[in-house]
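The entries below follow the order in which I looked things up.

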Amino acid sequence: MTRNGQSGRNGLTYRDAGVDIDAGDALVTRIAPAAKATRRPGAGADLGGFGGLFDLKAAGFRDPVLVASTDGVGTKLKIAIETRIFSGIGQDLVAMCVNDIVVQGAEPLFFLDYYATGKLDVDDAAAVIEGIARACKDSGCALIGGETAEMPGLYGKGDFDLAGFAVGAAERGSVLPETSTMVAGDVLLGVASSGAHSNGYSLIRRVIAECGLSHASPAPFAPDMALGEALLTPTRLYVKSALAAIGAGGIKGFAHITGGGITENLPRVLPASLAAEIDLGAWSPAPLFGWLAKSAGIAEREMLRTFNCGIGLVAVVAADRLTDCMAAFAAAGETAMPIGTLVPCDGEPDVRYRNGLRLA
């Protein structure tokens with residue numbers, strides 16, 4: 001026995017239990033420059049405090065209403081982990097949050113992330129968080145903090161999970177949707193998606209398994225890419241284009257087309273007296289959606305309530321301002337097209353489809 005009655009063996013450390021504090025510190029040091037690059041008026045974007053600070057007055061707001069959103073990237077993350085392609089998954093996380101904020105007429109101001117894993121791999125985590133920082137910068141949103149949790153025994157080897165938290169603001173009286181101003185004849189403007197974004201991946205992964213494909217297989221809908229790489233195309237960031245469209249005038253509401261597709265998301269922004277009539281022949285969905293439908297026999301109705309089917313954002317626009325709004329989206333690099341109109345209805349708003357999806 002040694003002094004004080006203790007045995008001669010060394011005492012346990014946190015590292016012995018599977019948690020490496022030094023790795024966490026190394027990650028913070030690694031990602032600090034990326035976070036610093038997201039600085040904007042109102043936020044310094046420095047890491048290390050117990051909480052992130054934001055000055056609404058310095059950001060130029062007079063009488064703001066705060067808008068908050070939290071989300072993840074679902075089982076798309078499994079494909080990223082299995083392929084070890086982490087360059088775009090951070091953008092997915094940011095987009096799922098900030099797109100939900102901008103469709104309410106608010107400007108995203110700051111973002112925080114939560115990265116949880118069994119054993120921290122600094123390089124993998126840094127790749128993800130640096131992608132988060134890039135997407136924040138592209139959205140004018142400061143990355144002001146986050147949490148990296150190492151929890152051995154809770155996650156399998158190589159697994160991790162992500163969650164994001166965004167806060168934005170709008171001046172009082174400018175929050176969308178403006179349902180009281182919507183009338184029959186208002187135009188529904190569809191803005192193209194970049195693919196499945198971050199929804200429907202449990203079904204996509206089921207289709208892959210039933211087709212006997214691997215992530216390394218050539219993508220049936222994009223043969224010059226591996227399937228896993230093609231499916232990890234990041235979610236589009238609609239912040240700058242949506243704010244530009246709001247500035248052009250005539251926007252009465254937006255729907256972010258996520259889980260539930262157009263069918264479930266568009267009615268959320270409509271008044272009880274109006275329904276959406278959508279012409280499914282107004283656009284051509286990316287080949288991904290045709291492959292999913294045909295290879296697994298997915299019915300059109302199921303496609304429309306599971307995937308965005310090529311439309312990631314729908315704007316409700318006054319008919320006399322349609323040209324200006326389309327020009328604003330085009331100038332911001334988006335493809336926007338009229339896909340329908342609002343029509344009178346009795347009872348709950350819904351979506352009425354005509355024609356059929358033009359699936360390749």
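**Entry 1: the open sheet**

I began with a sheet of four strands, which is open, has the order E1-E4-E2-E3 and shows mixed pairing. Strands E1 (64–71) and E3 (142–150) are at the edges with a single partner strand each, so one side of each has no neighbour in the sheet. On average, and ignoring direction, neighbouring strands of this sheet are turned by 15° against each other. I noted that the model is a predicted one.

I then looked at one pair of strands. E2 and E3 run parallel and are joined by eight bridges. Phenylalanine 111 has leucine 143 of E3 opposite.

Next I asked which strands helix H4 lies across. H4, residues 122–138, lies across E2, E3 and strand E4 (160–171). I read its direction as about 170° to E2.

I stayed with H4 and turned to its contact with H3. The axes of H3 and H4 come within 7 Å, with a crossing of roughly 45°. Angles of 65 to 115 degrees count as roughly perpendicular and those under 35 as roughly parallel, so H3 is oblique to H4. I recorded the crossing of H3 and H4 as right-handed. On the H3 side the contact is made by Ile89, Gly90, Gln91, Leu93 and Val94. On the H4 side I listed Val128, Gly131, Ile132, Ala135 and Cys136.

I picked glycine 131 from that list, a residue placed in helix H4. Is glycine 131 buried or exposed? Its relative accessible area is 4%, and buried means under 20%, so glycine 131 is buried. Leaving out residues up to four places away in sequence, glycine 131 touches Ser87, Gly90 and Gln91. The C-alpha atoms of glycine 131 and serine 87 are separated by 6.0 Å, although the two residues are 44 apart along the chain.

**Entry 2: H7 and what packs on it**

I moved on to helix H7, residues 239–248. Its buried residues are Val239, Ser241, Ala242 and Ala245. I looked up what these pack against and found helix H3 (89–102), strand E2 (107–117), strand E8 (251–256) and helix H11 (322–331).

H7 and H11 pack with their axes 8 Å apart, at an angle of about 150°. Angles over 145 degrees count as roughly antiparallel, so H7 is roughly antiparallel to H11. The crossing of H7 and H11 is right-handed. From H7, Ser241, Ala242, Ala244, Ala245 and Ala248 meet Asp324, Cys325, Ala328 and Phe329 of H11.

Six of the six residues of E8 are buried. E8 pairs with strand E10 (residues 311–317) in the antiparallel sense, over five bridges. Alanine 255 has valine 314 in E10 as its bridge partner.

**Entry 3: H5 against H9**

I looked at another helix pair. Helix H5 covers residues 201–210 and helix H9 covers residues 287–296; their axes come within 10 Å and cross at roughly 55°. I noted its hand as left-handed. Ile204, Val207 and Ile208 of H5 make the contact with Trp291, Leu292, Ser295 and Ala296 of H9.

**Entry 4: a hairpin**

How many residues lie between E6 and E7 in their hairpin? I found two residues between them. Strand E6 (residues 218–219) and strand E7 (residues 222–226) run antiparallel and are joined by two bridges. Alanine 219 has alanine 222 of E7 as its bridge partner.

**Entry 5: aspartate 279**

Aspartate 279 lies in strand E9, which covers residues 274–279. Its relative accessible area is 17%, and the limit for buried is under 20%, so aspartate 279 counts as buried. A polar atom of the aspartate 279 side chain lies 2.9 Å from the backbone nitrogen of glycine 281. Setting aside neighbours within four places in sequence, I found aspartate 279 in contact with Ile339, Arg354 and Asn355.

Note on methods: Residues are numbered from 1 along each chain as its sequence is written. This is a predicted model: local features need pLDDT of at least 70, side-chain atom pairs count only at pLDDT 80 or more; totals for chains, interfaces and linings use all residues. Side-chain values use heavy atoms; hydrogens and water are left out. Buried means under 20% relative accessible area, exposed over 50%, partly exposed in between (1.4 Å probe, protein chains only). A polar contact is a pair of N or O atoms within 3.5 Å; within protein, one must be able to donate a hydrogen and the other to accept it, and residues adjacent in sequence count only if both atoms are side-chain atoms. Contact means heavy atoms within 4.5 Å. Two strands pair if DSSP finds at least two bridges between them. Axes are lines fitted to C-alpha atoms, for helices over the stretch in contact, and angles run from 0 to 180 degrees between N-to-C directions. A crossing is left-handed if the near helix is turned anticlockwise from the far one by less than a right angle, and right-handed if clockwise.
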